[in-house]
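This short report is meant for a reader who meets the structure for the first time. Please look over the sequence and the fold before reading on.

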Amino acid sequence: MEYNQIIADKIAFLCRENQMTLSQLASAGNMNRTTIENILSGKCRKPRIQTLYKISGAFHMSVQEFLDFPGSGPGGDPPAQNEQKDPAALQPD
């Protein structure tokens with residue numbers, strides 16, 4: 001699994017956990033909803049650190065906390081793909 005997919009999965013997971021729609025996330029992060037949709041769909045493969053900062057802030061996390069996932073330590077490989085997350089499965093707006 002590539003890091004862009006891990007980031008997309010993390011966003012989808014946090015939206016579900018916080019019962020937050022993409023529009024609510026965009027509003028809380030003071031960003032465009034299209035940016036988030038592009039990350040989730042894989043259209044944006046390398047989100048900028050400023051974008052990750054806004055997203056993590058919307059979830060009341062630091063970027064470090066947001067990017068903390070298994071295998072992210074020094075020399076760590078991305079975790080194996082467990083299951084594919086469908087961005088369409090998020091709460092509708």
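How much accessible surface does the protein chain have, and what share of it belongs to carbon and sulfur atoms? The accessible surface is about 5,900 Å², and 48% of it belongs to carbon and sulfur atoms; such areas come from the Shrake-Rupley method with a 1.4 Å probe, and for residues only the protein chains shown count as cover.

The model is a predicted one, in which local features need pLDDT of at least 70, side-chain atom pairs count only at pLDDT 80 or more, and totals for chains, interfaces and linings use all residues.

The protein chain has five helices and zero strands, where helices (H or I, at least four residues) and strands (E, at least two) are DSSP runs numbered from the N terminus. Of its 93 residues, 34% count as buried, a term that means under 20% relative accessible area, with exposed over 50% and partly exposed in between (1.4 Å probe, protein chains only).

| Residue | Relative accessible area | Class |
|---|---|---|
| Asn4 | 12% | buried |
| Cys15 | 1% | buried |
| Cys44 | 24% | partly exposed |

Asn4 lies in helix α1, which covers residues 3-17. Leaving aside neighbours within four places in sequence, Asn4 is in contact (heavy atoms within 4.5 Å) with Gly42 and Arg45.

Terms used:
Residues are numbered from 1 along each chain as its sequence is written. Side-chain values use heavy atoms; hydrogens and water are left out.
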